[in-house]
Amino acid sequence: MLKKTKFLSSAELSEANSETASFKNKRSTAKRNLILRIKRRLEVSVGHIFFKNPTLACGIILAPVIAVASTFKSGAALAIAVIIMCIPAIIATGIVTHYVPSWVCTIIGISVSVGMSFVAHDVISTLSPDIFDTLGIYFPLIMLSSFSTVFSLRYRRQKRFFVWPVCDAICAAAGFSAAAILVGLSREILAYGSVGGVPLGISFKISGAAAPFFGFILVGFFAAFIQWVKNTVLYFKKVYRRKSAETREGGAHL
């Protein structure tokens with residue numbers, strides 16, 4: 001038997017086309033919103049490297065940078081210690097944060113930091129055998145620093161996957177590393193006229209640059225510079241948006 005072919009009326013075809021177009025618009029809008037949310041979230045994470053630098057903008061783990069980061073090697077040692085000890089602690093805390101109380105998460109984070117400190121010790125020893133004479137008590141204090149605590153608590157607000165707090169922690173560790181190495185490198189050049197122990201042949205030296213008070217001044221200078229750059233960027237963004245709005249209004253009138 002031959003099946004009867006059902007023909008749609010023009011009204012039904014129009015309704016079907018409108019439903020298809022509406023579905024495509026909704027799908028396109030959802031995709032665009034998702035991309036926009038990811039872009040904004042990436043900007044937040046990457047911002048921890050510069051504008052929201054944990055050391056220069058937030059004052060986290062500030063004392064070791066001021067007191068210890070007087071050379072390139074000591075700054076690099078601090079950076080390695082934070083990366084190896086703190087990031088695994090944050091990830092471990094994030095895995096169990098929804099199953100145990102917050103004080104247990106803190107204990108777990110510190111325990112992981114202590115365990116990873118042996119790995120950090122071996123890695124840092126390759127820079128210089130006597131580097132721990134420079135680091136002193138600040139190396140074990142990094143295990144108890146507020147860096148891990150700040151980013152571990154963010155997992156409490158993540159109901160599903162904790163990829164963004166991990167991204168924040170990695171970018172913040174990169175920001176701290178950049179600050180520690182930059183401060184140590186600057187102080188070594190000014191105090192000793194060398195980089196990593198290699199002389200640069202600079203006759204002008206400031207012997208007090210290796211002292212902690214100079215580190216405090218230098219950190220303050222870099223923090224002020226970051227704030228100035230941030231304000232400048234925000235100003236030009238505001239000017240650009242105002243001009244774009246004026247251009248759109250002018251086009252609408254035409």
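Colleague: At what angle do the axes of helix α3 and helix α4 cross?

Modeller: Two packed helices are described by the angle between their axes and by the distance between those axes. In this predicted model, the axes of α3 (residues 72–96) and α4 (residues 102–125) cross at roughly 150° and come within 8 Å. The crossing is right-handed.

Colleague: Which residues of α3 and α4 make the contact?

Modeller: From α3, the contributors include A77, I80, A81, I84 and M85; from α4, they include C105, I108, G109, V112 and S113. By class, the contact comprises 17 nonpolar and 4 polar residues, with no charged residues.

Colleague: What does K73 touch, leaving aside residues up to four places away in sequence?

Modeller: K73 lies in helix α3 and touches L127, S128, I131 and G196. K73 is partly exposed, with a relative accessible area of 31%. The C-alpha atoms of K73 and I181 are 8.0 Å apart in space, although the two residues are 108 apart in sequence.

Colleague: How many disulfides does a search of the whole structure find?

Modeller: The search finds 0 disulfides.

Colleague: Are C167 and C171 buried or partly exposed?

Modeller: C167 is partly exposed, at 24% relative accessible area, whereas C171 is buried, at 13%.

Notes
Residues numbered from 1 in each chain as written. Predicted model: local features only at pLDDT ≥ 70, side-chain atom pairs only at ≥ 80, totals over all residues. Heavy atoms only, no water. Disulfide = S-S within 2.5 Å. Buried < 20%, exposed > 50% of the residue type's maximum accessible area, 1.4 Å probe, protein only. Axes fitted to C-alpha atoms, helices over the stretch in contact; angles between N-to-C directions. Helix = DSSP H or I, 4+ residues; strand = E, 2+ residues; numbered from the N terminus. Left-handed = near helix turned anticlockwise from the far one by under 90°. Contact = heavy atoms within 4.5 Å. Nonpolar A, V, L, I, M, F, W, Y, C, P; charged D, E, K, R; others polar.
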